[in-house]
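Biologist: I am new to this structure, and I would like to learn how to read it. Could you walk me through some features?

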Amino acid sequence: MRRIDLTAADGLRLAAWEFADPPKEQGAEPERATAPGILLLHGLMGRASHWAPTARWLAERHRAIALDQRGHGRSDKPADGPYTREAYVADAAAAVEQLGLAPAVLIGHSMGALTAWQLAAERPDLVRALVICDMRASALGAASQREWEQWFRSWPVPFATLADVRKWFGEDDPRLERPSPARGEFFAEVMAERADGWYPVFSRRQMLTSRETWVHDAHWDYLAQVRCPTLVVRGLDGELGRAEAQEMVRVLPRGQYAEVADAGHLVHYDRPDGWRAAVEPFLDSVLTP
């Protein structure tokens, strides 16, 4: 991984991470710069490193870069934001432009998927194709936001050890229907150690603010404006139901559908092989001359 610092339209510093092995031959670096560009956008509470397994196989043939979105990872986390939909979309646009990826394939999970399709609707010149994973287009409503507030309050922070993080999020969290080691690993990766234990690298208050900007609205209009090829991926046990996913495909002018068996919301984390099997053929179809 190689860190690249970017600047958002409002001046915030954003951290992006390029995944690639060092060039094996002299002159290979320019070839990498001209390879098809892929920008990976994580979901709420995530970070760029969550994409590492995906980015490693993408980097064999493409230029794969993951963005730490504002408020997340190593990017700036201003106390007062803004953490609006407009800010997240503008950040993704700045990343595509400053990295020279256009027209890029955007691969987004959850909140990152929403950012991806909104950018594709607003700036079709920047986007070649989309992969959007486990994000609903329907409004989730006020009850959903209240549930998240209660959930955040239930976290036993600070955690004494990373093993405690893995156990709570992978086994003990009351929101879990069954144990999920992958979920435990996901949250272990967004914790940092302080003198008295382990804390999330993000502000839960800021995460609620970010979420507030999309849960009350539906996003079907943006989908209908996306003109590029788009793959809608869901985990069989994820948060995006099959009927809604298939309706999203119908609304998209060039939509396709895929689902990954035995996967929950964290599709690319739960079943990396199934995720690759769903995504790679689509990428081959849109990136092959």
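This is a predicted model: local features need pLDDT of at least 70, side-chain atom pairs count only at pLDDT 80 or more; totals for chains, interfaces and linings use all residues.

Biologist: Let us start with helices. At what angle do the axes of α6 and α7 cross?

Modeller: Helices (H or I, at least four residues) and strands (E, at least two) are DSSP runs, numbered from the N terminus. Axes are lines fitted to C-alpha atoms, for helices over the stretch in contact, and angles run from 0 to 180 degrees between N-to-C directions. Here, helix α6 (residues 162–172) and helix α7 (residues 181–188) have axes that come within 7 Å and cross at roughly 135°. Angles under 35 degrees count as roughly parallel, over 145 as roughly antiparallel, 65 to 115 as roughly perpendicular and the rest as oblique. The pair α6 and α7 is therefore oblique.

Biologist: Which residues of α6 and α7 make the contact?

Modeller: Contact means heavy atoms within 4.5 Å. From α6 come L162, V165, R166, F169 and G170, and from α7 come P181, R183, G184, E185, F187 and A188. For classes, Ala, Val, Leu, Ile, Met, Phe, Trp, Tyr, Cys and Pro count as nonpolar, Asp, Glu, Lys and Arg as charged, and the others, Gly among them, as polar. The contact of α6 with α7 then has six nonpolar, two polar and three charged residues.

Biologist: R183 is on that list. Is R183 buried or exposed?

Modeller: Buried means under 20% relative accessible area, exposed over 50%, and partly exposed in between (1.4 Å probe, protein chains only). With a relative accessible area of 14%, R183 is buried. Its place is in helix α7. Setting aside residues up to four places away in sequence, R183 touches W151, F169, D173, L176 and L266. The side chain of R183 also reaches the backbone oxygen of F169 at 2.6 Å; a polar contact is a pair of N or O atoms within 3.5 Å, where within protein one must be able to donate a hydrogen and the other to accept it, and residues adjacent in sequence count only if both atoms are side-chain atoms.

Biologist: How are α3 and α4 placed relative to each other?

Modeller: The axes of α3 and helix α4 (residues 111–122) come within 9 Å and cross at roughly 75°. That makes α3 roughly perpendicular to α4. At the contact, R85, Y88, V89, A92 and A93 of α3 meet M111, L114, T115, Q118, L119 and E122 of α4. Those residues divide into seven nonpolar, two polar and two charged.

Biologist: What does T115 touch?

Modeller: Leaving aside neighbours within four places in sequence, T115 is in contact with L41, Q69, R85, Y88, V89 and A92. T115 sits in helix α4 and counts as buried at 1% relative accessibility.

Biologist: And what is the angle between α5 and α8?

Modeller: α5 and helix α8 (residues 204–215) pack at an angle of about 170°, with their axes 10 Å apart. They are therefore roughly antiparallel to each other. S144, Q145, W148, E149 and F152 of α5 make the contact with R204, M207, L208, R211, E212 and V215 of α8. By class, the contact of α5 with α8 has five nonpolar, two polar and four charged residues.

Biologist: Which residue has a positive phi of about 75° although it is not a glycine?

Modeller: That is M45, in the loop between β3 (37–41) and α2 (52–58). M45 counts as buried at 4% relative accessibility. D262 has a positive phi of about 60° and is not a glycine either, but D262 is exposed, with a relative accessible area of 52%.

Notes
Residues are numbered from 1 along each chain as its sequence is written. Side-chain values use heavy atoms; hydrogens and water are left out.
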